[in-house]
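Here is a short report on one protein chain. Please look over the sequence and the 3D structure before reading on.

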Amino acid sequence: MKQFDKRNLTMVMDFYELTMSNGYFREQDRDIRVAFDVFYRKNPDGGGYSIFAGLEQIIEYIQDLHFDDDDIAYLREQKIFEEDFLEYLRNFRFEGDLYAFPEGTIMYPNEPILTIVAPLIDAQLVETAVLLQVNHQSLVATKASRIVRAAQGRAVSDFGARRAHNMDAAVYGARAAYIGGVNGTATVLSGEMFGIPVGGTMAHSWVMYYEDEYTAFKKYAETYPDGTVLLIDTYDVLKSGVPNAIRIAKEVLEPMGKRLKGVRIDSGDLAYLSKKTRKMLDEAGLTDCQIVASNSLDEYTISSLIDQGGRIDSFGVGERLITSKSEPVFGAVYKISAVKRDGVYQPRIKVSENVEKITNPGLKKVYRIYDETGKAVADLIGKYDEEIDLTKPFRYVDPVAPWRQRTFDNCTGKELQVPIFKDGKLVYKQPSLEEIRVYVKEQMKEEMWPEEQRFENPHVHYLDMTPDYYDMKMELLYEVQK
């Protein structure tokens with residue numbers, strides 16, 4: 001099952017992509033090849049890293065890219081496009097190249113995580129769809145990673161569907177959260193589409209429907225004796241919920257040879273209530289009964305609960321995960337970096353009074369540099385046709401402090417972008433969602449410094465440049481300002 005099984009999303013674009021494409025068509029520029037980079041300028045929540053997610057949906061979008069009869073009719077109604085352009089769109093298929101980091105790659109600001117090298121109109125038309133997939137799923141995957149890290153090995157589940165911005169945000173947000181490390185989701189369609197483990201027990205309405213809490217718990221336990229998790233905060237956690245849960249364990253489940261799997265607390269002082277609940281359960285001999293907490297959690301509240309000694313075994317995280325509440329926008333952008341003229345890709349640069357908005361021009365490659373222990377010490381940008389020899393000390397430029405003399409010694413490197421499409425044909429073998437999830441875990445454990453993973457004042461991962469690339473950028477900056 002894919003996002004395009006029953007609908008055509010080609011028209012998910014900004015109108016200027018069509019007006020510009022029409023202009024290029026009129027000027028006979030449609031076959032000129034250009035390069036566009038996707039990058040972002042800062043990590044969400046002041047963090048030290050982000051996680052690239054959404055590539056699978058970008059691939060699906062490009063493979064399905066076409067304008068159907070209804071699309072053409074709608075564009076004709078706008079009365080600004082001539083019939084030859086509309087006929088061109090009717091027969092349109094993407095014929096460019098796409099290079100990208102593998103999905104799940106740890107990424108950092110200002111490096112090209114995805115590059116499209118394509119005929120001008122092809123590259124222009126996909127801008128919005130590419131960005132919205134990168135921005136949404138990368139934001140949620142990164143937030144999920146922070147929340148999972150805060151949980152310190154305790155299970156985390158996505159409970160966010162009802163608070164997501166719409167149905168797609170819930171479904172693909174759950175996918176991104178799984179990439180980021182959550183154990184499962186409550187969103188059934190995400191489980192069906194992506195194979196994510198799904199789970200859920202009861203809402204307060206189940207308890208309130210029956211004449212009393214004990215009866216509600218009994219009915220549930222009799223229906224699901226192998227996985228009974230009871231919601232104990234509908235009326236009073238300590239005076240009613242826990243005592244009734246214990247009764248169910250003793251009077252209903254144990255005679256069946258079953259154990260009470262867990263209880264969930266969804267309101268109140270979670271640290272205090274979980275400690276009291278744990279004591280009551282243990283005294284009743286239910287030491288194996290898990291305590292689940294939910295209710296507007298994020299990495300900061302989870303860290304605080306653990307610091308306070310909260311006895312919580314797993315967390316259900318909703319709105320602040322699925323909407324990434326503290327940082328609602330990821331901010332990836334799509335900028336032209338080169339235009340092919342006379343067989344050569346000429347670099348293009350955007351200049352701004354804000355230094356962080358000056359782009360990195362030209363066709364390029366980006367490498368991750370590792371020290372002798374396998375830790376990533378920096379990323380390195382070089383020209384696309386430049387030889388990077390790390391078998392000997394390699395001089396690089398820190399663009400923040402270019403006067404310093406710096407070399408990579410005894411290091412190795414890995415090119416980060418891989419080919420996805422060549423001439424419109426998919427050439428990439430897509431990993432499974434489980435493989436992407438494992439890839440994230442391996443990078444964070446083996447390659448990333450713990451200092452980059454701090455919530456407060458994380459270490460800044462360096463983005464360096466080869467001397468040739470840095471000189472080219474500086475020369476271009478001087479030229480465009482003459």
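Two residues are in contact when they have heavy atoms within 4.5 Å of each other. With that in hand, take Arg278. Leaving aside neighbours within four places in sequence, Arg278 is in contact with Leu286, Thr287, Cys289, Ile291, Arg311 and Asp313. Arg278 belongs to helix H12 (residues 270-283). Helices (H or I, at least four residues) and strands (E, at least two) are DSSP runs, numbered from the N terminus.

**Basis of the model**

This is a predicted model: local features need pLDDT of at least 70, side-chain atom pairs count only at pLDDT 80 or more, and totals for chains, interfaces and linings use all residues. Residues are numbered from 1 along each chain as its sequence is written, and side-chain values use heavy atoms, with hydrogens and water left out.

**Overall picture**

The protein has 16 helices and 21 strands. Its C-alpha trace spans about 85 × 60 × 40 Å along the principal axes. Of the 482 residues, 54% are buried. Buried means under 20% relative accessible area, exposed means over 50%, and partly exposed lies in between (1.4 Å probe, protein chains only). The protein exposes about 22,200 Å², and carbon and sulfur atoms supply 50% of that area. Accessible areas come from the Shrake-Rupley method with a 1.4 Å probe; for residues, only the protein chains shown count as cover.

**Aromatic rings**

Rings of Phe, Tyr and Trp (its six-membered ring) pair if their centres lie within 6.5 Å; planes under 30 degrees apart count as stacked, over 60 as edge-to-face and the rest as tilted. The count comes to 17 aromatic pairs.

Why is the pair of Tyr40 and Phe330 called tilted? The ring centres of Tyr40 and Phe330 are 4.7 Å apart and the planes stand at 40°, so the pair is tilted. Tyr40 sits in the loop between strand S1 (33-39) and strand S2 (50-51), and Phe330 in the loop between helix H14 (319-322) and strand S12 (333-341), so the pair ties together parts that are 290 residues apart in sequence. Tyr40 is buried, at 0% relative accessible area. Phe330 is buried too, at 5%.

Trp206 and Tyr220 form another pair. Their ring centres are 5.5 Å apart and their planes at 90°, so this pair is edge-to-face. Trp206 is in helix H9 (residues 204-209) and Tyr220 in helix H10 (residues 213-223), so parts 14 residues apart in sequence are tied together. Trp206 is partly exposed at 27% relative accessibility, whereas Tyr220 is buried at 4%.

Ring pairs also link Phe15, Phe25, Phe67, Phe81, Phe85, Tyr88 and Phe92 into a cluster.

A charge sits over a ring if NZ of Lys or CZ of Arg is within 6 Å of the ring centre and within 35 degrees of the ring normal.

| Charge | Ring | Distance from ring centre |
|---|---|---|
| Arg175 | Phe194 | 5.8 Å |
| Arg437 | Tyr178 | 4.1 Å |

**Two more residues in place**

Arg90 lies in helix H4 (residues 83-90). Arg90 is partly exposed, with a relative accessible area of 29%. Beyond its neighbours within four places in sequence, Arg90 is in contact with Phe67, Asp69, Ile72 and Arg76. The C-alpha atoms of Arg90 and Gly285 are 70 Å apart.

Asp379 is in strand S15 (residues 376-383). Is Asp379 buried or exposed? Asp379 is buried, at 0% relative accessible area. Not counting residues up to four places away in sequence, Asp379 touches residues including Tyr108, Glu111, Arg368 and His461.

**Backbone exceptions**

Most residues other than glycine have a negative phi. Lys79 has a positive phi of about 60°. Lys79 is in the loop between helix H3 (69-77) and H4, and is exposed at 72% relative accessible area. Asn457 has a positive phi of about 45°. Asn457 is in the loop between helix H15 (433-447) and strand S21 (462-465), and is exposed at 65%.
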